[in-house]
Each structure stands twice: as C-alpha cells, then as structure tokens.
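Me: I have a structure open and would like to learn how to read its features. Could you walk me through a few?

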Amino acid sequence: MDYTQEFDDNVQEQPADSQSETYRTIQLTGMYENWFLDYASYVILERAVPEVNDGLKPVQRRILHAMRNLDDGRFNKVANIIGNTMQYHPHGDASIGDALVQLGQKELLIETQGNWGNILTGDRAAAPRYIEARLSKLANDVVFNPKTTEWKLSYDGRNKEPITLPIKFPLLLAQGVEGIAVGLASKILPHNFNELIDASIACLKNEDFEILPDFPTGGSADCSKYSEGLRGGKVRVRAKIAQYDRRTLVISEIPFGTTTGSLIESIIAANEKGKIKVRKIDDNTAQNVEILIHLNPGVSPDQTIDALYAFTQCELSISPNACVIINDHPVFCSVKTILEQNTKNTLELLRRELQIRMSELEADWHASSLEKIFIENRIYHQIEACETWESVLETIDHELQPYKPMLHREVTTDDIIRLTEIKIKRISKYNSFKADEQIKGIKDEMVEVQNHLDHIIDYTINFYRQIKKKYGKGRDRKTEIRNFDTIQAVEVAANNEKLYVNRIEGFAGTSMKKDEFVSECSDIDEMIVFRENGTFMITKVTPKSFVGENVIHIAIFRKNDDRTIYNVVYRDGKTGPWFVKRFAVIGITRDKEYLITQGKPNSKIVYFSVNPNGEAESIKVLLRPKPKLKKLTFEYSFAELTIKGRGSRGNLLTKNPIKQIMKRDNGISTLGARDIWYDEIVKRLNSENRGIFVGAFMGDDKIVQFFANGEFKLSGYDMSTHFDDGLVQIQKYDPDTIFSVIYIDGETGFKYLKRFSIEESTPSNKRLSFIGEHTKSQLLEIVNDDFPLLLLEFETKNGKEVSDEEIDVDEFISVKSFRAKGKRLSTKEIAKYRFLEPLQKETLESTNKDDEDTENEYFVSEENQQIDENSTDKPQQFKSGDSPIQMELEF
C-alpha cells in the first residue's frame, strides 16, 4: 500500500488570511482502520503465530535457514549465527538470540555446546560469543530439501529465504509454541515425540488417535478438560512431590511454566501467609530437580502436600489456545486437526520428492541410453565430413532416427549438444558392460520409486517408523497423565490463627485473645455455632463477629462430615415436653440460622454433646418432684435413637419437668466400620464407592502397600493419604495375613520363594524392603493366599523335555520374617511359573523344612544389622486377610 498517497488524499489545504500562513487539515477518517489492520496482520503473519505446515514462526525459520547455509558439520558461534540470520530478519539481534536459545533448549533441531541456560532453574544462557550450535541429525533428515522448498526474496531483496521449510514431521506439536499478536494469541503445548509419530501413522491408516501434552519438566497432568487444545480447554499440571521422611518432602519434578526459583518463592509466600508450615527449604537442583522441604514438628506430610498443591505453584492451570496460519490466515483449530494437516503435508512432500527423483532417474536413463547408442554405433564418425555446426547436429539427429523408438521421450537439441561434448578419452575407454549395468541399476531404481509412488501411504508410514527408530530412543514420556482429585483449600490450610469466644455476649473471632480459647484454625475456615435457644449457624472465621448470645458450642466446621454426630435433648416451648434427637450437619448455607427445635418460643437446649465418630452415650435424667410422680430418675441411651436430619422433631424423652441431666458413659460408635475404596485414577482413598474396595476400617486399622521395587509400607486410612509411584498392591493390614513372594535375588540371579507376615511392631509410614537391599533384586509376583499352589515349567535340557512340577508352597517353605531370604525355587532352569487355584486346608500341619541351608539366611539392612529373632518354624494358625487390590507388575 502507498501510505504517502493515502496520506496526501486526506490533506486539504485551507486558504490563508492576512494574518497567517496557509495551513493544512488532515482527515483521520479511515487512517486508523486501515493502518491498524495492516499492522495487526503483519504481527500475526510475520511475528507471533506459527505456520501450520512447518510449525515455525518467521524468526525460527530464518534461523534454521541461516544455520543450514553455515552448516559444515562443526559447531558455529551463536553470535555468528545471529549475524547471518540478520540478512533475513529485520528486527535486531536480541529477538534472534532469544529465539535461538529457545530452539536449542527444546533439544530437537539444534545441538548445543556451552552454557545454554536451564529450563528447570530459569538460568539464562551465556552470551552469544561464548556458546555454540549446529543443526542436529534430525534437522538435516526432516527439515531441509531445496528441491521441494518454495522461495521468496528477503526483506531487502538481496537474498532468498524459504516461504516455509519442507518439514516432514509434526514439529509444531513436538515443540509447542506461545505467541501474542494483536487481537489474538497462540498457545500450543508440547507433545511427546514418539506418540506424535504413532498418531501420524494411525492417521494414515484412518484409525482414531489421541494426543496429550508431554512437558520437558515432567510432573503430572490432568488432561480431562484438554479439549484437543482448543480455546476454553484447560490442563492442570502438578509437581511430583514425595515424602522423603517423616519431616521432609522432596520435589523431584516441577510443573510446566515454572522454575525452581519461582516455585520456592511461592512456597515461601504461602508459608508467610500461614497457609502451610515449613521450617526450611533446600534447593539442590542441578541436572535434575531436587527441592527439600523441611516441615515443623507435628505437621502432617500428607496434608502439607495437598496444601502445596492448593496454595503454591506446585499446581497450575494452563489454558491452551491452538492458533496457526493456514493459507495466510489465522485459524483456531484442534491439535488433532494440526496433526492431520502435518501428516497430509508430509505425505505430499514425500510424493514430490519421489516424483522429482523419478524425473532425475528418467533423465539419467535417457542420457545414458543416448550415450550408449552414440558410442557403440560409432555415430561420431559420421560427423567428420560436416563443415558447419548445424550440419553436425542434423547428422547426429539423422543417425539416431532408427533408435528413437527405443527411447522414452523425444531427443532434443540439448541432448544432441550433450553428445558432442563427450571427450575422446571417455569414448576410447567406454565399457559397454558397465554401461549396461548402470542403465539396469537406473531401471531398477525407477521401478522401486514407482512402487513407492503407487503405495505412497505405506511409504510414508515406513518413513515415520524409520524416524522413530533412529531418533525416538530416549524420548519417552516425561509427564504422567492422570486425573487429579479436587483439593478443598479449607481442609488442607495450616492453622495460622486461634479462635476465641465470649459465650455470654455472643462474640467470636481470632482477635479476642482475652476471652475463652476454642481451637486453632486458619483464616479461611468456617465455624459452626450452637446457641441455647435451639438455633445454630455457620459463618466465616473473622477477627471479631457477633454470633448470638448464650453460645453452648462453637467449633471449626468441616463440610460433608457425616461422622460427627450431635446428641441433643431440648425442651419444646416454655413448658412443653422434652425431646431427644441425633443428627449430623453436612452442608448448609453460610450465615443462615437453622432450628434444632420445632421453633416454639422459649424452647431451650438442655443437653448437648458432640461425637466425632458417632458415639452414643448414656444419660441419667433427674425429674422435678410433683404429685403422683413416683420415679424421679431414669436412664436413657442414645444408641436406641436413629440418626436423622437436623430438622426432625426427635423422639419424646419425657413430658415431666427435668431438673438435671447427667452423662453416665461415653458409649461406643453406632456408625460401624467405614468402607474404604482406592481410586487408581486419582491415586486416592475415598468412601464414595469409586475404584476397588480395600476394606472396612475403624479405630487404629492400617493399610499395607506393596511396591514394584520390592518394598512395602504401612499407613493409616486417612483420605488425604498420598500413595507413592510404583504401587502394585494395596489391602487392609492384618498381622495374620501370609504373603508368598517370588523374586530374583540380585546377588545370585536365581528365583527365590519366601513366605512372611508383617508383625504388628513394624513401623508405619516407612518403606521397608522384603527382597533384600541388592540393587538388582527384582520382584516378580506376590499373593496372599494361605495355601498357594505353584506350577513350574522348565527349559528343555539337551533336547529333552523336563516335566513340570507343582509346589505346595505351604509344604515347601515355612513362614519367616519379611527380612528372610527364603528358598530357591529349583536348581533347574525355570522357563515359566504361575500360581494355580490355592489349596483348601483347615489347619497348617507342623513340618520340619531344613532341606536347604539358604532357608535360614536373612537379609541384613543398614538400619538393622541383627537377624530377626522373632521368626520361628512353629506350627501356626492362619486366616485369609481382606482381598488385595492386585495391579500388573511392569519391569
């Protein structure tokens, strides 16, 4: 557009008066609209948004093009690369340097040397004069091909640059991109290298596929709302946090988009606000992330992990927004559409390469055939009598007439001129046999190329497989895909305040330090307040607020708590009968008053108790004397009363006036054991029947967890319990349960069998190995049947088959400590093994199993250098424990 012309069209000259000179009025109408649109289009197309076919922004494309021109297999100074790129990119060295560092840190197209910064810590790269780079082998294989590249002039017209690079790989989805333009933005998350290739192959086969983000920083991601990367989607990413010991947490992977520095700052900020309680933070990050979080004494590690996810950058929400340039226009589309477009583009590029190669082969065949005819038939002798150049050409053309039907295309003047340029030395040393072999080789390659063209889809699939085979090693998925549970901030916030109450005046809050202390709380908690007049309410904890006079109970409210039961005796009206009721408060509207009584004036609560686990106590009721009333005392047990809603009237206790009510005993819980399930998707316990049933728990019951590395751990059944990676089996702990284990001993390499039970004295929340401390020991299988039956299949020996063997595990080896080494399964070479249906026995018979000395060997750990003296060979009674959750072992 000619901006000067447009500007001149909007200028109007005004006549001058006697006192002033001529001046001009500039009409702004249309200028903003046109110029802003041009500017926005320029930023979108030339700066911020990537092209769909090669997945590159212009600056990235120009960097790769400049590196290709410089490429000689050796590293080049980044400063030199930046200088050469400025021939094509008009926006200065800073933007080129930043873009080059980002490309290098992705470790796909560029090999780096020197300090290129750290995406984990956020450290910047060294100055361009100190670091070097070169194109990777992958880049040379899939990015460049001058024969299929379309070119345009650079910004100053001195050089040529590619419109798009002929990239035969979904680079855009592998690298990801983020750019902000005028009026729109693009954010495409990175995906896994091998998964993209598999998806491209599935696309070529017309099979359905799904691709999910994979971040270089690792961590875990919930992609349930990813929506294929479209606008409005969301990905939740979390750091990988594990319990190092009882007072220490370790962060080994961080969420995408954060650094260790920013993550630690967010933890410190949450600690200063009182959301979490942390004593010290150590950052030991080098090649891998290692952030140690030291907790204060008495702080729950599981609750702190949840609080880190709720209040710090340990959990982030990323909103993708896939926007690409298609046909010079920005288009919002899904990552699935982008992959399909990339796959289609790769297929067409491979087709064009084959077609170009076919044309080259045809030209080679034509030239070789002409040369063979020219030399073998001695046509060059016929031109000796020619006096002019035209006659030479006409003579050769005339002599070639009998052979032209053998050729695939017409003989052109250029072909004849090329024959005249053959040197005498070549004619004298011409080898007809070698010429035939060369022509045959060309024909064979033409047949092969034509076959590829006829089966272009199979050829493209094979191309992708070769790329995966050559470059896919070491590019496994780093981010774990899983569903996250919703963490309630109120439930995991650390107690950073103290709640006080003045029961008579009816005020409660955290600033009333001279009044009665209630409990510790956080500043985002809610409190539940019961009053003597039979009303209650839930309100937010504040420094000081009015909650009503004559408070009989105040506490921190936990939403959806159906285990806390309130036992109440109330008087209905001023002289009415006395009722008794039991109820729970699960969830109600904040700051709204609710009735426990029936709402009659002067109703009053005369007895109130709070029972965290649904206990039903007994009370003794003393009545006021009155005529004809013989029995002045009686007892009542709340266990006789059904738990109902808070609005129920309750049961009649007495119609006679009550003088006093006394508590006789605490009673026991009427709620019974709590059924617990384990959800493998979110890796959490729940009581909502999600996942696999673990067992019914109450009191001090525990859970036993087994891991793929041959360790186990005892833990409680709190819903906030975190489960470590590698969990293969989980069940309710029973000290009488016997576990049978097959494992490979790392020292000898033999398969061993052992049986053990876990003693009640085993410490909780500590991982202990039951296959020894050797690093090469490997767990194969674990069962908890009382009397397992094992089938062994052996390798053939000297061409002879060895018969299978059934082992009664109970007879084979006795129950020992989990530290015992066990007994070697067999001296023969075992091919396969499997557990059969367990045997049915009423009692375990006493046997003496001293067949091998290895049975009495024990593992000695660094923490316990003594042999377990609790192990015996005495007869024992066994009973089956709860059914375990058995998960597949993967090695």
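**Reading the sheet**

Reply: Gladly! β22-β20-β21-β25 is the order of four strands that form an open sheet with antiparallel pairing. Its edge strands, each pairing on one side only, are β22 (516–521) and β25 (545–546). Strands here are DSSP E runs of at least two residues, numbered from the N terminus, and two strands pair if DSSP finds at least two bridges between them. This is a predicted model, where local features need pLDDT of at least 70, side-chain atom pairs count only at pLDDT 80 or more, and totals for chains, interfaces and linings use all residues. Residues are numbered from 1 along each chain as its sequence is written, and side-chain values use heavy atoms, without hydrogens and water.

Me: How many bridges join β20 to β22?

Reply: Strand β20 (residues 497–502) is joined to β22 by five bridges, and the two run antiparallel. L499 stands opposite S519 in β22.

Me: Why does T248 count as buried?

Reply: Buried means under 20% relative accessible area (1.4 Å probe, protein chains only). T248 counts as buried because its relative accessibility is 6%. T248 is found in strand β13 (residues 248–253). Beyond its neighbours within four places in sequence, T248 is in contact (heavy atoms within 4.5 Å) with A242, Q243, L292, I293 and H294.

Me: And which residues line the second largest cavity?

Reply: A cavity is a set of points on a 1 Å grid over the protein atoms alone where a 1.4 Å probe fits but cannot get out; lining residues have an atom within 4 Å of a point. Here the lining is K581, R582, L641, T642, K644, S648, G650 and N651.

Key:
Buried means under 20% relative accessible area, exposed over 50%, partly exposed in between (1.4 Å probe, protein chains only). On a 1 Å grid over the protein atoms alone, a cavity is a set of points where a 1.4 Å probe fits but cannot get out, and a pocket is an open set with protein on both sides within 12 Å along at least five of seven lines; lining residues have an atom within 4 Å of a point.
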